[in-house]
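Please look over the sequence and the model shown here. The notes that follow are grouped by topic.

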Amino acid sequence: MKFRAKINDVGCLNHFTRVVNTITKLTKTCVLRLTVDNMYFVLSGKVANGGVSMWCELLQVNFFEEYQLEGVSADANEICLEVAPENLSRALKTAQNAKSVKIKLTKKHGPCLTLAAELPSLSSINRIVTHDIPVDIIPKRLWHDFKEPTVPDFDVSIYLPPLKTMKSVVDRMKNLSNYLVVEANMNGEMNLKIETDLVSVTTHFKDLGNPPWGDNASQSQSQSRDAEAMAHARVDIRKLQQFLMGQQVNPNKSMCNIVDKRIIHLILLQEDVSLQYFIPAVA
Amino acid sequence: MPLSTQSQPENDEYILIASLDNVRNLSNILKAISFKDHAIFNATQNGLKVTVEDSKCLQANAFIQADIFQEFTLKEDVVGFQVNLTVLLDCLTIFGGSTVPGVMTALKMCYNGYGYPLTLFLEEGGVVTVCKINTQEPEEPLDFDFCSTNVTNKVILQSDSLKEAFSELDMTSEILQLTMSPSHPYFRLSTFGNSGNAHYDYPKDSEMMELFQCTKTQTNRYKMSLLKPSTKALALSCKVSVRTDSRGFLSLQYLVRNDDGQICFVEYYCCPDEEADEE
Amino acid sequence: MDCVTTGGNVKVLAKAIHSLSKIGEELYLEPVEDGLTLRAVNSSRSAFACFLLSPLFFQRYQAPSDHAFRCKMPIKSMQAVFRSLSSLERSVEKCRIELNSEKNRLTVTLHCKHGLLKTHNLSFQDCESLQAVFDKENCANVLRAQPRLWVDTVLHFPPSLEEVNVSVNGERVWLRNHLEDDADPSRAMMTELCLSAEEFDHFAVRSESNITFCLKELRGLLVFAESSGLPVSMHFDEPGSPVVLSVSDSVLDANFVLATLSEDAHQRNHNNNKADRREAQPAADDFMSDDMDSYLIAMEASDLPGDLPGPSHESVPPVPQSSTNHRARLPSEEEEEEEEEQVNQPPNKKFCSLFFGSVLPASSQLTNQTIQGQEVLASDSDDEKQEE
């Protein structure tokens with residue numbers, strides 16, 4: 001089992017740092033799954049984290065100059081690690097103006113992801129900073145917990161409004177209530193609602209558009225739906241706020257699938273990164 | 001303004017309608033008096049007066065004249081109600097209260113009379129938020145009976161000079177002592193804290209002093225905890241008028257310029273600390 | 001006492017006080033013929049800091065000629081006077097510090113723009129002189145660098161990190177985070193920074209050594225050094241003897257004296273580091289080269305935790321907890337002090353507070369406060385009480 005990767009380009013380094021920072025805002029620990037083509041940050045929806053799950057996928061070739069992987073075995077050519085993204089984020093922060101950054105799997109006191117950065121210095125000799133980030137290696141028999149989630153059989157799929165606007169609204173609503181209702185229809189309309197003894201607030205977004213899902217998605221169901229009919233889910237407002245707060249990737253596309261009264265599924269897409277986030281509905 | 005008016009009362013049912021192109025012209029000035037949840041709203045043909053009180057010793061009033069609003073329609077001579085100011089401010093800033101030029105949140109505020117909620121329609125970039133805030137019957141605000149004919153001493157200062165002093169005040173001091181006098185030290189702020197005492201003296205001929213009318217040496221003490229909220233108003237203002245009357249009551253009037261350069265006023269009244277005489 | 005300082009020096013004074021506030025809770029102030037001394041010590045007496053502002057630093061400087069005056073006060077109260085550095089720069093034209101003996105107050109007056117006058121009458125307590133005993137001139141190793149280098153170095157370590165380990169040889173310096181005794185090394189993120197001697201203005205290493213000290217005080221000094229742009233020197237010897245960080249120019253001197261972890265406590269933590277380094281470090285230069293196979297682990301995921309130690313790794317000799325030799329104290333003292341000191345003592349006592357000849361009677365102070373040899377360093381914290 002071997003892994004090493006290297007970033008030489010400052011743009012790639014910044015991009016990778018932003019992705020890791022985003023993950024850091026979403027969870028204390030997650031699984032880093034390394035395959036030949038991709039790097040994944042995975043959180044599976046356990047009760048301990050409020051049932052939230054996350055799936056973030058990076059196309060390695062767009063980030064790393066070098067990328068070598070030797071997985072657990074020839075037929076399972078991948079590695080699964082449990083890591084605290086905050087550590088990774090902190091290590092990358094100190095490597096911000098690095099000439100190059102190398103990430104490898106090493107054995108120190110225990111298994112580590114070692115991040116070594118070559119920093120500019122006042123002399124001809126570079127400064128070298130290395131961070132040994134402790135990780136747990138996840139045995140193959142537990143991998144099934146970290147498979148890519150299937151797109152749920154949603155009732156409504158809709159593009160999200162500008163995330164900045166949505167964040168402002170959710171931030172204020174969070175001051176007023178603990179729960180928020182997200183509702184949307186196939187006519188490009190989405191509402192965020194809270195209601196308490198003191199106040200009711202509804203923010204109406206419209207003309208958002210509904211993403212065209214291929215034949216294989218649960219399109220049949222949503223197409224047969226009355227375009228005006230709202231699907232809705234009541235969620236813990238902190239979970240949604242967390243998602244909007246940590247967001248640093250500036251997606252080209254962001255969308256939301258709603259399974260009525262069950263779950264909201266948020267998707268952010270960039271050329272080389274995708275982030276999916278699942279928030280379960282509460283009664 | 002593309003407001004969704006589904007199941008809302010028609011415009012002619014409201015007894016108060018007030019609209020603003022820029023909600024900051026209201027939210028900012030309300031922030032200057034937001035130290036307690038309960039706010040008493042009083043609308044007359046002149047405009048809107050919002051009052052917040054604490055411990056029967058402190059009263060803050062914000063005045064937003066009718067002509068600040070793009071629309072200000074009142075069906076009765078006086079319309080009064082009470083709402084939770086913290087909630088109202090969260091609603092008014094629902095879109096973040098952006099200060100980016102050209103990005104403005106428009107507001108239409110409607111009230112239908114006793115027993116109805118205060119309804120806000122906010123719109124920014126085509127997105128509409130509708131808020132309904134429960135109202136209560138207004139309490140009668142305290143009358144501090146602060147009358148300009150009884151004013152003993154008065155100074156007008158540029159706010160910047162007081163901002164610095166207020167940001168540095170020794171908060172371990174329970175009181176702020178204010179000395180105003182026709183002779184030295186003219187205008188003095190004093191604190192008496194754990195580590196000793198401090199005096200801030202403003203000479204009467206300073207450029208920061210726009211008006212100096214002190215007739216009699218007066219030293220009064222005010223509870224620091226009561227005066228602390230007034231720093232919010234100070235921060236927003238460009239000038240402040242400090243007056244005391246013969247009873248030692250303090251009036252602080254802040255001149256606040258809004259985004260459009262219009263002028264609004266915020267006023268704080270504070271009772272002197274009762275123990276002052278004993279010390 | 002009556003001192004007046006103007007212009008940019010007011011900010012220097014403010015920064016010095018701010019920097020001392022990172023060390024201790026109290027400010028010890030003593031005007032002497034050589035200038036105004038400002039000192040602080042931390043609660044466990046393992047760190048001491050002293051600024052000497054020479055008479056030339058001031059526009060006017062009068063030390064009390066007839067009698068020795070010294071006092072201490074909560075550092076917060078002095079800090080409050082200089083709270084807003086931006087307003088200091090913008091508006092303070094002159095600062096005067098004088099002793100009002102009748103009222104028993106130290107008066108600090110700030111003369112600001114537009115005629116605003118801020119007068120702070122601070123209460124103080126009389127105290128004995130606070131003095132650490134150290135001898136930086138005879139330290140085997142001296143490193144001096146621009147504040148920027150130190151700041152950039154410290155930035156790699158998280159603000160929560162208490163102690164840092166520094167090791168040197170003739171060409172390089174390594175800094176690592178020091179793990180608390182109870183920390184599990186396999187769960188902690190370890191950071192190591194390697195700097196070349198070339199980056200330093202002055203790099204004199206007579207004996208390869210490896211010391212561990214608190215980062216907080218170094219950060220405190222950097223607050224000052226960065227704003228004044230003055231280079232910071234670090235003088236040190238073997239583990240257990242103090243490290244001295246200093247900054248100076250023609251009108252001021254600052255020395256921060258910090259205890260270092262004693263040898264055996266130290267070895268437990270860094271033995272293997274040292275070993276690691278000796279073997280692994282030659283590769284450091286070509287660390288980024290491609291020959292990394294020796295660093296990679298080969299293990300089966302199911303066989304965790306790994307049974308194949310890495311080639312460059314030496315296992316840590318187990319050290320029984322009982323061998324703790326942090327602080328040589330007599331058991332009887334321990335008991336007596338328990339009650340009074342518990343509050344002040346930081347949770348870990350591994351840093352000796354031994355290097356203080358701290359509080360001597362005033363008369364003997366002046367003669368004894370000159371630099372003394374290491375062997376007399378063992379003043380105990382009993383002395384703390386005398387001072388009250």
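A:Lys2 belongs to strand E1 (residues 2-7) of chain A; helices (H or I, at least four residues) and strands (E, at least two) are DSSP runs, numbered from the N terminus. This is a predicted model, in which local features need pLDDT of at least 70, side-chain atom pairs count only at pLDDT 80 or more, and totals for chains, interfaces and linings use all residues. Residues are numbered from 1 along each chain as its sequence is written, while chains are lettered from A and ligands numbered from 1 in the order in which they are written.

**A:Lys2**
- A:Lys2 counts as partly exposed because it has 16 C-beta neighbours inside 10 Å; a residue is buried if 20 or more other C-beta atoms lie within 10 Å of its own, exposed if 12 or fewer, and partly exposed in between, with C-beta atoms placed from the backbone.
- Between the C-alpha atoms of A:Lys2 and A:Ala117 there are 19 Å, and the two residues are 115 apart along the chain.

**Chain A as a whole**
- Chain A contains 5 helices and 18 strands.
- Of the 283 residues in chain A, 45% are buried.
- Along the principal axes, the C-alpha atoms of chain A fill a box of roughly 65 × 45 × 30 Å.

**Domains of chain A**
- Chain A is split into domain 1 (2-146) and domain 2 (156-277), with bounds that come from an automatic or database domain assignment.
- The contact takes 15 residues from domain 1 of chain A and 15 residues from domain 2 of chain A; two residues are in contact if their C-beta atoms, placed from the backbone, lie within 7 Å.
- On the side of domain 1 of chain A that touches domain 2 of chain A, helix H1 (10-26) and strand E4 (53-59) of chain A are the elements that give two or more residues.

**Chains B and C**
- In the contact between these chains, 17 residues of chain B meet 19 residues of chain C.
- E13(B) gives the most to the side of chain B that touches chain C, with 7 residues.
- E13(B) and strand E9 (residues 117-123) of chain C run antiparallel and are joined by 6 bridges; two strands pair if DSSP finds at least two bridges between them.
- Opposite B:His199 stands C:Thr119 in E9(C).
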